[in-house]
Protein chains: 2
Amino acid sequence: MESAGFLDETVALLERTPKTVAALLDGLPEGWLDTPDTAAGGWTPRDVVGHLISAELANWIPRAELVVAKGTSEPFDSFDRFAHVERDAGKSVEELVEWFGSLRNQNLARLQELVQSDADLDRRGLHPQLGEVTLRQLLSAWTVHDLDHVQQIYSSLAGSRDVAVGPFKIFLGILTRRDG
Amino acid sequence: MESAGFLDETVALLERTPKTVAALLDGLPEGWLDTPDTAAGGWTPRDVVGHLISAELANWIPRAELVVAKGTSEPFDSFDRFAHVERDAGKSVEELVEWFGSLRNQNLARLQELVQSDADLDRRGLHPQLGEVTLRQLLSAWTVHDLDHVQQIYSSLAGSRDVAVGPFKIFLGILTRRDG
């Protein structure tokens with residue numbers, strides 16, 4: 001894989017996520033938004049955006065900075081997957097989407113400072129469960145984590161029409177997969 | 001379920017789909033776009049948008065019109081899930097996304113002509129495999145079909161980073177689910 005291409009592709013995906021989430025969720029009627037995702041911990045779309053915010057605050061860029069500053073001499077901090085629950089109580093989904101976009105913009109600016117050359121992508125850090133990982137793997141995981149959690153929002157939205165589709169459900173894998 | 005709310009909610013979701021797909025795919029580098037989705041027939045994002053176009057042309061609104069015009073006296077036409085393959089050869093993903101958005105706008109205008117009252121949502125038609133279905137079920141299936149296929153685009157995008165994430169893959173359900 002050509003590394004300049006890799007970084008450009010990574011940024012292209014990461015900068016799209018807040019825009020796609022805003023295009024989907026801003027102003028969407030409440031009737032769509034209150035069904036938890038059964039397949040992945042029972043989160044609503046609001047919880048998922050909160051979790052994406054947590055990862056902007058405490059996961060990807062802090063870990064990339066640690067790779068650059070310390071290499072494998074110091075493991076990454078563990079990441080709290082439930083930090084959003086208390087922190088985001090009372091915030092609207094639109095507020096959360098806007099906050100996520102703002103954090104993402106700051107973090108993409110920081111990323112471009114941290115990665116100056118192809119060789120930087122091969123730098124290694126120490127993941128507390130996975131052991132040694134490269135910066136390229138960390139950045140790839142950042143993009144796929146976005147895709148995974150936006151996909152989770154779609155499962156949750158579909159769940160709110162699980163009964164309403166009636167007999168069509170057998171053709172709709174997004175619903176049958178929710179049943180396990 | 002309150003029916004005016006149902007129609008408003010349905011339109012709110014349906015009008016968002018072309019916008020979210022455009023926000024995600026327009027200008028996204030080719031390196032993201034060439035991996036087929038393993039879980040659902042091997043489609044790339046371009047194929048999925050083509051299939052959504054086919055459904056705008058030949059599925060939802062033609063069926064809703066048949067419900068209103070003929071009730072259960074005439075079954076819906078079968079729907080060709082592969083109509084896009086020849087039709088869309090040579091078209092860019094951006095052209096397809098734009099076409100989809102244009103068809104969707106026309107179809108939402110037609111929908112508002114077809115459904116004038118709550119009672120219309122209980123009208124019945126005859127599905128060739130499923131038997132009698134209500135207009136409310138058909139419109140619910142239209143929204144969930146959108147969600148299902150946008151979710152499929154996300155699986156395909158993630159697939160293009162299946163190797164690059166390295167050891168992080170075990171935390172990324174969108175990738176482990178691709179392996180069956």
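Buried residues are those under 20% relative accessible area, exposed ones are over 50%, and partly exposed ones lie in between (1.4 Å probe, protein chains only). The model shown is predicted, so that local features need pLDDT of at least 70 and side-chain atom pairs count only at pLDDT 80 or more, while totals for chains, interfaces and linings use all residues. Residues are numbered from 1 along each chain as its sequence is written, chains are lettered from A and ligands numbered from 1 in the order in which they are written, and side-chain values use heavy atoms, with hydrogens and water left out.

**View 1. Helix H5 of chain A and its buried residues.** Helices (H or I, at least four residues) and strands (E, at least two) are DSSP runs numbered from the N terminus. Helix H5 of chain A covers residues 93-114, and its 22 residues reach 31 Å from the first C-alpha to the last, close to the 32 Å expected at 1.5 Å a residue, where the expected span is 1.5 Å times one less than the number of residues. Among the buried residues of H5(A) are A:Val93, A:Phe100, A:Arg104, A:Asn107 and A:Leu114. A:Arg104 is also linked with A:Glu56 and A:Asp146 in a network of salt bridges, a salt bridge being a side-chain nitrogen of Lys or Arg within 4 Å of a carboxyl oxygen of Asp or Glu.

**View 2. The contact between chain A and chain B.** Four salt bridges are counted between the chains, and B:Arg177 and A:Asp148 meet through their side chains in a salt bridge (3.4 Å, N to O). On the side of chain B that touches chain A, H6(B) gives the most, with 16 residues.

**View 3. B:Ser156 and B:Val48 in chain B.** B:Ser156 belongs to helix H6 (residues 135-159) and, at 0% relative accessibility, counts as buried. Leaving aside residues up to four places away in sequence, B:Ser156 touches residues including B:Trp43, B:Pro45 and B:Arg178. B:Val48, in helix H2 of chain B, is buried as well, at 1% relative accessibility, and with the same exclusion of residues up to four places away, B:Val48 touches B:Trp43, B:His149, B:Gln152 and B:Ile153.

**View 4. A salt bridge between A:Asp179 and A:Lys169.** The closest N and O atoms of this pair are 2.8 Å apart. A:Asp179 lies in the segment after helix H7 (173-176) of chain A and A:Lys169 in the loop between helix H6 (135-159) and H7, so the pair ties together parts that are ten residues apart in sequence. A:Asp179 is exposed, with a relative accessible area of 54%, whereas A:Lys169 counts as buried at 18%.

Note on methods
Contact means heavy atoms within 4.5 Å.
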